[in-house]
Amino acid sequence: MSRLDSMLRRFTAQRDGLNWAAETIAELDGDVLDMGLGNGRTYDHLREILPGRRIWVMDRVLQCHPSCVPPEKDFLQGEAEPMLRKLADHGQSLALAHYDFGMGIKVDDVAEAARLSPLIAAVMKPGALLVSGQPLVGFRQIKGPETIAPDRYLFYRA
């Protein structure tokens with residue numbers, strides 16, 4: 001598979017997974033967390049499909065497209081560990097989280113996801129959903145939408 005086809009497959013899975021997750025948590029109160037702002041595409045999509053929810057955004061630096069800059073009060077700039085602790089210290093209880101951290105080196109990305117998993121768990125409501133491009137630990141993996149190939153994108157229940 002070409003890198004272009006792989007990227008398109010990932011983006012489609014991400015979009016379909018987030019749309020499915022938004023519908024699935026419709027009756028669950030709570031904020032949303034997008035871990036890994038990047039260019040802001042996912043954050044922009046979350047704003048569109050979850051207009052009534054507060055969406056927290058986390059990244060090391062703010063370098064997204066100008067139309068995707070989150071409100072300052074919702075942007076957690078810095079390393080993931082202290083930002084997740086900050087959310088937990090403020091009593092956040094999230095209904096949905098999207099995990100999209102990574103540098104593109106699979107073994108390192110998987111290790112970081114495993115290391116951050118307990119900190120993510122600390123900010124999730126019981127029954128909340130996690131949508132992730134990396135395997136997370138300590139959560140119950142569930143089946144996502146039929147349109148997504150197994151293990152292309154991962155879905156968990158907190």
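Predicted model: local features only at pLDDT ≥ 70, side-chain atom pairs only at ≥ 80, totals over all residues.
**View 1. The buried face of helix α3.** Helix α3 spans residues 80-89, and its buried residues are Ala80, Met83, Leu84 and Leu87. Seen down the axis of α3, these buried residues fall within an arc of 100 degrees, so they line one face of the helix. Among the elements that cover them are the strands β1 (31-35), β2 (55-59) and β3 (75-77), together with helix α4 (106-121). After α3 comes Gly91, which has a positive phi, near 75 degrees.

View 2. Asp44 and Arg47 form a salt bridge in which the closest N and O atoms are 2.6 Å apart. Both residues belong to helix α2 (residues 41-49), where they sit three residues apart, about one turn of the helix. Asp44 is partly exposed, at 33% relative accessibility, and Arg47 is also partly exposed, at 28%.

**View 3. A salt bridge between two loops.** Arg60 pairs with Glu79 in a salt bridge whose closest N and O atoms are 2.9 Å apart. Arg60 lies in the loop between β2 and β3, while Glu79 lies in the loop between β3 and α3, so the pair ties together parts that are 19 residues apart in sequence.

View 4. Arg115 forms a salt bridge with Glu81, the closest N and O atoms being 2.8 Å apart. Because Arg115 lies in helix α4 and Glu81 in helix α3, the pair ties together parts that are 34 residues apart in sequence. Salt bridges with shared partners join Glu81, Arg85, Glu112 and Arg115 into one network.

How values were computed: Residues numbered from 1 in each chain as written. Heavy atoms only, no water. Buried < 20%, exposed > 50% of the residue type's maximum accessible area, 1.4 Å probe, protein only. Helix = DSSP H or I, 4+ residues; strand = E, 2+ residues; numbered from the N terminus. Arc of directions from axis to C-beta. Contact = heavy atoms within 4.5 Å. Salt bridge = Lys/Arg side-chain N within 4 Å of Asp/Glu carboxyl O.
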